[in-house]
Amino acid sequence: MNLCELLQATDGVLLQGDARADVQTLCYDSRAVTPGALFVCLPGLHTDGHAYAVRAAAAGAVGIVCERPIPGLPEALPVIQVTHSRRALAQLAIRLYGEPARQLTMIGITGTKGKTTTAHLVAAVLTAAGRKVGLIGTNGVRWPGYRHPLDHTTPESSDLQQLLRRMVDAGCDTCVMEVSSLGLKMDRVTGIEYDIGIFTNLSPDHIGPGEHASFAEYRAWKSVLFRRCRVGIVNADDPQTEAILTQHTCRVVTYGMDRPADWRAGTDFTLLHRPGLLGVTFTAAGPEGGSREYQLAMPGRFSIYNALAAIAAAGILQLPDTAVQTGLRTAVVEGRVEPVPIHAPFTVVLDYAHNEAAAENLLTTLRAYRPTRLIVVFGCGGGRSRVRRFGMGEACARLADFCIVTEDNSRGEPLADILADIRTGLRRGNPDTPFVEISDRRQALYDALDMARPGDIVAVIGKGHETTLQRGSETIPFCEREIIRNYMAGRRT
Ligand SMILES: CC(=O)N[C@H]1[C@@H](OP(=O)(O)OP(=O)(O)OC[C@H]2O[C@@H](n3ccc(=O)[nH]c3=O)[C@H](O)[C@@H]2O)O[C@H](CO)[C@@H](O)[C@@H]1O[C@H](C)C(=O)N[C@@H](C)C(=O)N[C@H](CCC(=O)O)C(=O)O
Ligand SMILES: Nc1ncnc2c1ncn2[C@@H]1O[C@H](COP(=O)(O)OP(=O)(O)OP(=O)(O)O)[C@@H](O)[C@H]1O
């Protein structure tokens, strides 16, 4: 597209050069510039994109977008000054990729916990209703026939708009995406008007250097989604919902279990536990009454909240209830309390929990299923906070019947040091909980499967959907689902 045409989407002023240049793509990292790219200088936390404009030009950039003049650029190179380059990046991307979000039903999900799960549930329900759905979030991007991992839960605006364009070109009619607070703060979703915004819940997270200054700031950014959507579906039971709705401009639809809500589930739900299945059945009624029964193949009370958000979204989109029931019954989220399908009288689940709060939440949920024994396989990452290791150790010792402590992305750090910290945590949590240390994670999985007996739950936590293991400077393929299935298949033959 012609640079001149693109610029009209921004408040940019041409400082030098000819605006008739042809722009093929947008780029915000000089190391990724290819000929035909328009380089947008983003001021960052660690460095400033303006410092790399000369390098971008040398790599073939057809123009530079910046917030201030940059010395040393070739005279003929078009340079455009904008007030805010992150915002400009989003505006340019929307124009370059032909406003793809306008051609999709856009559903954005925000909240501290449950974004990934709710996004999958909404996508499953829509798919069961015959929609062609694209999905973007922590577990990557996918649409029918395509999937790819992503660096961010909510991608940078230029990457996001390009993905949306590809979804439209692939025939998708709907996009379900996780909208992180940083995605909102960093203009990654600027310019997108969501048909539906969903709020799950809020607790302190992502507060610290480079992320949010305080809980209030974190919450304020999440609340922005409800000024950028037509209908906001919010959790009536979350104490932060009222604050999230400050200055909202959308129609509000509520869901919950404890307080009055448009979509409400009964508190008399039933936990389902069969080998290979940890689920729940519950009833829910919408604004028009008429309670219906739903089944989920994921455990716990909190899963009902995620499902209610999906049921409410389906209600707004007027999807048939049979599709909602089918979608919820069959949805599985990789690495989020994901059951591994094996022929065994016990249950194995994979989960991404890698801090004390998440481990506590998960193991408490699993204990409610009254397993004969709860066996936990876990480790902790190297080069990260030691507090996390003590905390994981404590939570697992308090809630498991047996722990197998092993490696988890040890990166450059000696595994022995990490295991020693976990051991300290285990002793603090409950010195009587038996545990073994098995350095090799694959062997730890094999041992857990060998010791499991009928009615046991084996929770393998920390890696969730990841398919690699970072051991020292090496990154090795490590798909726990495959390892477990292959080992169990081998045991049967
Ligand atoms: C805290 C945060 O979000 N940081 C983002 C920010 O990085 P930064 O400010 O440190 O950037 P920087 O390194 O100073 O570089 C500034 C600019 O110079 C450019 N550069 C830099 C070096 C060079 O040689 N050439 C060059 O052009 C960089 O590409 C960048 O555009 O801008 C970068 C480019 O836009 C982002 O990739 C980066 O995300 C980092 C990797 C990150 O980890 N973000 C996480 C915290 C995040 O966004 N998480 C949320 C929430 C997830 C959840 O809720 O679970 C998410 O949506 O993923
Ligand atoms: N509605 C919920 N309320 C509380 N906890 C939840 C909820 N949904 C999921 N969880 C727990 O949080 C974990 C993470 O869930 P999920 O990945 O869906 O959330 P997320 O918002 O995408 O989180 P993250 O940003 O950490 O990836 C799950 O494994 C589960 O233990």
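**Exercise 1.** Which polar side-chain atom lies 2.9 Å from a nitrogen atom of ligand 2? Describe the surroundings of this ligand.

*Solution.* The model is predicted: local features need pLDDT of at least 70 and side-chain atom pairs pLDDT 80 or more, while totals for chains, interfaces and linings use all residues. Residues are numbered from 1 along each chain as its sequence is written, chains are lettered from A and ligands numbered from 1 in the order in which they are written, and side-chain values use heavy atoms, without hydrogens and water.

Step 1. The atom belongs to Asn306. This is a polar contact (a pair of N or O atoms within 3.5 Å).

Step 2. Oxygen atoms of ligand 2 meet the backbone: the distance is 2.8 Å to a polar atom of Gly114 and 2.9 Å to one of Lys115. The protein buries 86% of the 620 Å² that ligand 2 exposes when taken alone (Shrake-Rupley method, 1.4 Å probe).

Step 3. The shell (residues with a heavy atom within 4 Å) has 14 residues, and those that come nearest are Gly114, Lys115, Thr116, Thr117 and Arg336. Five of the shell residues are charged, eight polar and one nonpolar; Gly counts as polar.

Step 4. Helix 4 (115-128) and helix 9 (301-316) each supply at least two shell residues, and helix 4 gives the most, with three. Helices are DSSP runs (H or I) of at least four residues.

**Exercise 2.** Where does ligand 1 lie relative to domain 1 and domain 2, and why?

*Solution.* Step 1. The domain assignment, automatic or from a database, gives domain 1 (3-96), domain 2 (100-330) and domain 3 (338-492).

Step 1. Ligand 1 is surrounded by 25 residues, with Leu45, His46, Thr47, Glu156 and Ser180 the closest. Because domain 1 and domain 2 both give residues to this shell, ligand 1 lies between them.

Step 2. Oxygen atoms of ligand 1 are 2.7 Å from a side-chain N or O atom of Ser180, and 2.8 Å from one of Arg86.

**Exercise 3.** How many residues does the contact take from domain 1 and from domain 2?

*Solution.* Step 1. The centres of domain 1 and domain 2, over C-alpha atoms, are 34 Å apart. Their contact (heavy atoms within 4.5 Å) takes 10 residues from domain 1 and 12 residues from domain 2.

Step 1. The buried area (accessible area lost on being put together, 1.4 Å probe, summed over both parts) is about 970 Å², 62% of it from carbon and sulfur atoms. Tyr28, Arg86 and Ile94 supply 50% of what domain 1 buries against domain 2, more than any other three residues.

Key. A polar contact is a pair of N or O atoms within 3.5 Å; within protein, one must be able to donate a hydrogen and the other to accept it, and residues adjacent in sequence count only if both atoms are side-chain atoms. Buried area is the accessible area (1.4 Å probe) that two parts lose on being put together, summed over both.
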